[in-house]
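Dear colleague,

I am passing a structure on to you with this email, and below it you will find my notes. Please read them with the model open beside you.

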Amino acid sequence: MFEFFSKPTYKKVLLSGIQSTGTLHFGNYFGAMKQNIELGNDDAFDSYVFIADYHALTTVKDKEALHRSALEIAAAYIACGLDTNKVTLFRQSSVPEHAELAVILNNVVTMPYLMRAHAFKDHEAKNQEVNVGLFCYPVLMAADILMYKTDVVPVGQDQKQHIEYARDIAGFYNRAWNVEQFKLPQDLIMKDVAVVPGVDGEKMSKSKGNVISLFGDDAEVKKAVMGIVTDSAHPDDKKNPDTNTIFNIHKLFLTHAEIDALRAKFEQGGYGYKQAKDELLETIMKWRMGKKETFDKLMSNPSKIEALLEEGGKRARVRAQQTMKEVRTQVGLE
Ligand code: ADP
Ligand code: TRP
């Protein structure tokens, strides 16, 4: 009755991004997208999901590929159930304040500190020359997260260090200017899907070419599933499901009861790899039913996706501009 007087309850802020660096796979889906969609659609959160296209520029120099990948990510999120009325879905580059905040944060971060980043060290180990964008990747990512005063960041295990960087950088900034501007974000890593295996049993990753694509065509998905690497066990042999890539991928799609049933089939013997792959493929095709059509329909109408992203960008920018006003004042730019 006295709604006018009641204070709005504070919602926790959830934020996550995916780089527009190529086609999405089930590692991306189970490791990050699924949580972003389920939690993002939940009214308990004020949610931001974005396409990290500035970050993608660190590796992608093909403008059509970059653009297409951004559209695919947006279409995939919508096809998988993200509600754009509840989640602010946008392109990072449509909120240039992210870049401005990163420029400011660069000044509280040292080079030796960034040289400890896994991604940087991996490139160094391979003797690859690292561009400055890649070197400063964790700072831009901290800017993405801190901009919205984020509480939770759902990501896969490989992003854990980046969230630690964001927490550290929040502290560096607060101490440098003696303010309480940025809160410390928390990662959210689902234990069971922290690392989704690829068809070779290693972590599924675009760069390893071991992926099962979310919305590639049927033949491509079939080829990937049939190519899952197995040992030479005979169909009659009893098999250990926990070390089996087919099982470890299949279980991601199943309920607890279904997982137990599948586990029993592996353990009892008489369940050959051909049959196991056929059944996994069937599960994946069932999962794609409806979603793939929605994805294809959206991709054939890019202006609809662009309009949704633009709308999300506007919403995000209002919030980002508030933060930047505070930051600019704190550091003396305004
Ligand atoms: P890729 O490794 O294929 O380049 P990205 O680095 O673009 O994938 O990852 C996008 C999101 O998906 C991140 O949150 C990341 O943690 C998650 N992710 C990617 N691959 C996997 C995987 N194999 N298992 C779990 N999560 C993953
Ligand atoms: N680095 C993330 C990845 O490779 C993408 C990303 C950029 C991100 N900014 C972010 C993820 C902020 C979570 C929050 O997947």
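A salt bridge is a side-chain nitrogen of Lys or Arg within 4 Å of a carboxyl oxygen of Asp or Glu, and by this rule the count comes to 22. Side chains of opposite charge can pair when their charged atoms come close. Glutamate 72 and arginine 68 form one such bridge, with their closest N and O atoms 2.9 Å apart.

This is a predicted model, in which local features need pLDDT of at least 70 and side-chain atom pairs count only at pLDDT 80 or more, whereas totals for chains, interfaces and linings use all residues. Residues are numbered from 1 along each chain as its sequence is written, chains are lettered from A and ligands numbered from 1 in the order in which they are written, and side-chain values use heavy atoms, with hydrogens and water left out.

Now to ligand 2. Around ligand 2 there are 14 residues, counted as near if one of their heavy atoms lies within 4 Å of it, and the closest are Gly17, Gln19, Tyr137, Asp144 and Gln159.

In the side chain of glutamine 19, an N or O atom is 3.2 Å from an oxygen atom of ligand 2. A polar side-chain atom of tyrosine 137 lies 2.6 Å from a nitrogen atom of the ligand, while for glutamine 159 the distance from a polar side-chain atom to a ligand nitrogen is 2.9 Å. Taken alone, ligand 2 exposes 370 Å², of which the protein buries 90% (Shrake-Rupley method, 1.4 Å probe).

Note on methods:
Polar contact = N/O pair within 3.5 Å; in protein donor to acceptor, adjacent residues only side chain to side chain.
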